[in-house]
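Work through the exercises below with the model open. Try each task before reading its solution.

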Amino acid sequence: MSMKLLTGNDLRTGEVTWWTGTGWSRFVENAVDVDEHGEAIATEEIGARRVNAAYVIDAVDTPEGPRPAHIKDRIRALGPTVRLDLTLKPADPDAGSWVI
Amino acid sequence: MYKYDKYDQAIVDARVEEFRDQAARRIAGALTEDQFKPLRLKNGLYLQLHAYMLRVAIPYGTLDSRQMRMLGHIARKYDRGYGHFTTRQNLQYNWIKLEEAADILADLASVEMHAIQTSGESIRNVSSDQYAGAAADEIADPRPWAELIRQATTFHPEFSYLPRKFKIAVTAAEEDRAAIRLHDIGLKLVRNGAGELGFEVYIGGGMGRTPFVAPLIRPFLPAEHLFSYCEAALRVWNRWARRDNIHKQRIKILVHDLGQEEFTRQVEEEWQAILPNQSDVPMVEFDRIAAYFVDPPFEAGAPDEIDRSDPDFALWVDQNVVAHKAPGYAIVNISLKPIGGIPGDASAEQIELMADLAERYSFDELRVTHAQNIVLPHVRKADLYALWQTLSENGLAEANLDLISDIIACPGLDYCSLANARSIPIAQKLSQRFGDDRQREIGELKLKISGCINACGHHHAGHIGILGVDRKGTENYQLLLGGSGAEDASLGKITGPGFDEDGIVDAVEKATQVYLDRREEGERFLDTYRRVGMEPFKEAIYG
Ligand code: SF4
């Protein structure tokens with residue numbers, strides 16, 4: 001099922017973050033469908049400096065959690081595919097399997 | 001090497017504190033991102049795919065061991081333990097925190113470094129020959145001229161809000177190792193019939209979306225007029241540049257639109273008009289700068305023989321060691337292209353080790369090459385074996401300079417928010433496919449990969465070039481043949497429809513097989529391509 005996610009970067013650290021409905025998480029698994037509310041949430045969160053450069057993306061809801069539709073956002077979600085030691089799940093050998 | 005005087009240091013220190021204040025105001029909410037973005041870009045700080053990215057300037061690719069050590073320290077303290085050497089002879093950190101960026105700039109300033117003009121619509125880091133001051137084939141060291149341009153243009157108000165970025169390269173050797181004809185201005189130091197120093201001036205080259213090889217605009221510019229002539233060219237561009245269309249703003253488009261003859265006429269006219277202003281940098285200032293670039297104290301009578309009894313060492317010498325102007329010395333290329341590795345990446349430990357080796361074996365000097373390797377420019381031949389042993393023990397002795405596995409690759413979709421496709425995995429697969437004896441059988445073959453049309457990976461200038469494109473949301477790769485960034489500069493041509501990740505590797509293999517089947521005595525891949533043309537390659541790849 002298709003869905004919309006809101007993503008951005010933490011202002012201070014630059015880390016990729018995902019809107020969870022109540023705040024921001026580094027893990028895309030925690031992201032929620034923002035439907036048509038993404039822009040409004042982004043404006044408020046940017047104004048409060050809880051996020052930087054936020055934007056809405058297309059995603060698909062899967063049994064394993066939300067998966068960004070575009071490869072660029074999937075790479076953002078996990079980390080560089082060529083440095084799996086630096087991904088958000090470095091201990092999981094399959095961490096990169098859903099990105100490409 | 002150039003050393004900061006008190007004015008240089010004061011300017012850079014003041015810039016750090018200015019940025020510290022700007023970053024703090026951004027974090028406190030006094031500046032919006034729209035207000036802050038141009039300020040951070042003036043200090044090389046981007047917001048990239050995963051985090052902030054900081055691009056550090058390495059002027060004309062030259063640095064000393066103290067500076068190199070600082071780059072390693074920053075990688076370890078503020079980043080994730082590594083850095084990426086770029087095709088503009090700079091270094092990028094991929095995981096920077098805004099709240100620490102000013103501290104990093106302060107650390108850089110403490111070793112006479114900065115990130116100024118590594119981004120934005122400015123005159124970027126002037127690039128040069130990585131063998132400058134050491135090459136056996138140069139007529140003079142080009143770096144004092146590069147430093148002169150750097151000083152004369154840094155913070156110059158006329159060049160602070162240019163229509164677009166502007167890249168200048170300076171060389172002084174017959175062999176072009178800095179791709180000067182693919183720059184906005186390319187300068188080649190020459191002597192005229194009377195023995196005077198001057199420049200061949202090429203203007204209007206570049207890669208990106210619309211690539212051009214720069215035409216020769218002036219065959220001989222007296223060296224002392226370097227700055228005023230560049231100023232004249234920049235003024236003509238500033239006057240006519242297409243500020244209405246981001247894709248048409250570079251000077252190459254203007255040179256193309258006006259035509260070489262009319263562009264030259266306008267630059268010459270402007271130059272004559274500004275000459276009375278005496279804006280050229282006085283030669284006494286040039287002499288002050290040049291004094292920093294005198295030869296190190298080479299040992300007279302240093303032994304010229306190399307003991308080649310270790311075959312792995314001999315292989316490395318043959319591939320990665322280059323002739324030096326001083327007897328008994330050699331130029332060493334440290335490959336940052338281990339088979340299956342990430343082109344241009346080096347760990348903090350490797351960066352620090354290379355700094356130590358430079359201090360011990362190369363008069364404290366290193367160079368970054370536009371091909372994303374490191375050079376130790378002045379090594380005694382008698383020290384080569386010991387140096388090689390240490391490099392080998394630390395994964396830095398790949399003997400592949402200018403071979404097919406010595407790939408230039410931009411960060412691509414693994415790191416870059418502008419990318420269409422990943423570059424690094426393609427480089428890794430190719431180097432694994434060819435990284436055995438096959439690459440030696442093929443010989444010189446410059447393979448260059450970009451993850452999008454911006455061409456940071458110089459794909460137009462590769463003997464084989466690969467361009468990543470987005471085809472309906474999936475990565476696709478176009479193959480180009482016949483490019484060169486050297487003195488025989490040319491732009492590669494697309495073979496035809498693109499390929500997926502595995503298909504592009506197979507296509508490269510087929511292209512190299514055509515070369516192996518058809519090459520004549522002494523021909524490189526590029527020579528064979530130029531002789532036989534595209535057709536046989538197309539047939540093999542698509543037939
Ligand atoms: S060529 Fe494109 S993908 Fe590669 S670094 Fe440049 S902008 Fe990014």
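**Exercise 1. Salt bridges.** How many salt bridges does the structure hold over all chains? Then place the pair B:D103 and B:R20.

Solution. Start with the rule: a side-chain nitrogen of Lys or Arg lies within 4 Å of a carboxyl oxygen of Asp or Glu. Over all chains, the structure holds 57 salt bridges. B:D103 and B:R20 form one, at 2.8 Å from N to O. Next, locate the partners: B:D103 sits in helix α4 of chain B and B:R20 in helix α1 of chain B. They are 83 residues apart, so the pair links distant parts of the chain. Helices (H or I, at least four residues) and strands (E, at least two) are DSSP runs, numbered from the N terminus.

This is a predicted model: local features need pLDDT of at least 70, side-chain atom pairs count only at pLDDT 80 or more, and totals for chains, interfaces and linings use all residues. Residues are numbered from 1 along each chain as its sequence is written, chains are lettered from A and ligands numbered from 1 in the order in which they are written, and side-chain values use heavy atoms, without hydrogens and water.

**Exercise 2. The interface.** Describe the contact between chain B and chain A.

Solution. Count residues first: chain B gives 32 and chain A gives 24, with contact meaning heavy atoms within 4.5 Å. Now take the area. About 2300 Å² is buried, 56% of it from carbon and sulfur atoms. Buried area is the accessible area (1.4 Å probe) that two parts lose on being put together, summed over both. Then look for charge pairs. There is 1 salt bridge between the chains. A:R12 and B:E99 form a salt bridge, with their closest N and O atoms 3.3 Å apart. On the side of chain B that touches chain A, the elements giving two or more residues are α1 (6-28), β5 (91-96), α4 (98-109) and α13 (424-434).

**Exercise 3. An aromatic pair.** Are the rings of B:F499 and B:Y542 stacked or edge-to-face?

Solution. Rings of Phe, Tyr and Trp (its six-membered ring) pair if their centres lie within 6.5 Å; planes under 30 degrees apart count as stacked, over 60 as edge-to-face and the rest as tilted. The structure holds 20 aromatic pairs over all chains. Here the centres are 5.6 Å apart and the planes at 15 degrees, so B:F499 and B:Y542 are stacked. B:Y542 belongs to helix α17 (residues 535-542) of chain B.
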